Amino acid sequence: MAYPPPALFLLASFTLLPSKTAVLLFSFVSIVVLIAALVLVAYGRSLLAGMLVVGFGLAMAPVHSGIHQANPNTLVVGLLLGGSALLTCAPVLSGVLIGLAFCLKPQVAFLFLLFLWYRRSWRTVWASATTIAVVFAASFGWLALHHVS
């Protein structure tokens, strides 16, 4: 499976840790991001509906296999879900989250950007585009600095 250079840049800090520690920390970060996104989706609903959203979100099999394999998909889903939940109340933060998800998995997040363009959520589109541009520039600068070709 191939990932774009920004994914390497965003995930490279985990390589400074021992292997087992890095996997545990990455899984922990992915779970925290996913739970925070599910809580954002559940916010403002009744207690029962909120508990069902969080419970069903965490009970899905792809979440378990993604965490078991330390797959970035769990983190990407959490970022996209959080970005979707914040779309109306915090469009810039929503754009940053969707932009980060695009940097990790552009083939998944691209449709979210098309949807934002279709909805004419320009602040979110610009925040996503800015985030993507900054992370891409930083990643290529980082790769050039480390003489990776």
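Modeller: Let me start with a definition: an axis is a line fitted to C-alpha atoms, for helices over the stretch in contact, and the angle between two axes runs from 0 to 180 degrees between N-to-C directions. Helices here are DSSP runs of H or I with at least four residues, numbered from the N terminus. The model is predicted, with local features needing pLDDT of at least 70 and side-chain atom pairs counting only at pLDDT 80 or more, while totals for chains, interfaces and linings use all residues. Residues are numbered from 1 along each chain as its sequence is written, and side-chain values use heavy atoms, with hydrogens and water left out.

Biologist: What describes the way H7 and H8 cross?

Modeller: The axes of H7 and H8 come within 8 Å and cross at roughly 145°. Their crossing is left-handed, a word used if the near helix is turned anticlockwise from the far one by less than a right angle, whereas clockwise gives right-handed.

Biologist: Which residues make the contact of H7 with H8?

Modeller: Contact means heavy atoms within 4.5 Å, and here it is made by Leu113, Leu116 and Trp117 of H7 with Trp122, Thr124, Val125, Ser128 and Ile132 of H8. By class, this contact has 6 nonpolar, 2 polar and no charged residues, where Ala, Val, Leu, Ile, Met, Phe, Trp, Tyr, Cys and Pro count as nonpolar, Asp, Glu, Lys and Arg as charged, and the others, Gly among them, as polar.

Biologist: Why is H6 called oblique to H8?

Modeller: The axes of H6 (residues 91-104) and H8 (residues 122-145) come within 7 Å and cross at roughly 40°. Angles under 35 degrees count as roughly parallel, over 145 as roughly antiparallel, 65 to 115 as roughly perpendicular and the rest as oblique, so H6 is oblique to H8. H6 passes H8 in a right-handed crossing, and the residues of their contact divide into 11 nonpolar, 6 polar and 1 charged.

Biologist: How do you know that the span of H8 agrees with its number of residues?

Modeller: The expected span of a helix is 1.5 Å times one less than its number of residues. For the 24 residues of H8 this gives 34 Å, and because its end C-alpha atoms are 34 Å apart, the two agree.

Biologist: What makes Val125 count as buried?

Modeller: Buried means under 20% relative accessible area, exposed means over 50%, and partly exposed lies in between, with a 1.4 Å probe and protein chains only. Val125, in helix H8, has 10% relative accessibility, and therefore it counts as buried. Leaving aside neighbours within four places in sequence, Val125 is in contact with Leu116 and Trp117. What covers the buried residues of H8 includes helix H1 (5-11), H6 and helix H7 (106-119).

Biologist: Are Arg120 and Ser121 buried or exposed?

Modeller: Arg120 lies in the loop between H7 and H8, and with a relative accessible area of 62% it is exposed. Ser121 lies in that loop too, but at 14% relative accessibility Ser121 counts as buried. Not counting residues up to four places away in sequence, Ser121 touches Leu87 and Leu116.

Biologist: Why is Thr74 called buried?

Modeller: Thr74, found in helix H5 (residues 73-85), has 5% relative accessibility, so it counts as buried. Apart from its neighbours within four places in sequence, Thr74 is in contact with Ser30, Leu34, Val63, Gly66 and Ile67.

How values were computed: Helices (H or I, at least four residues) and strands (E, at least two) are DSSP runs, numbered from the N terminus.
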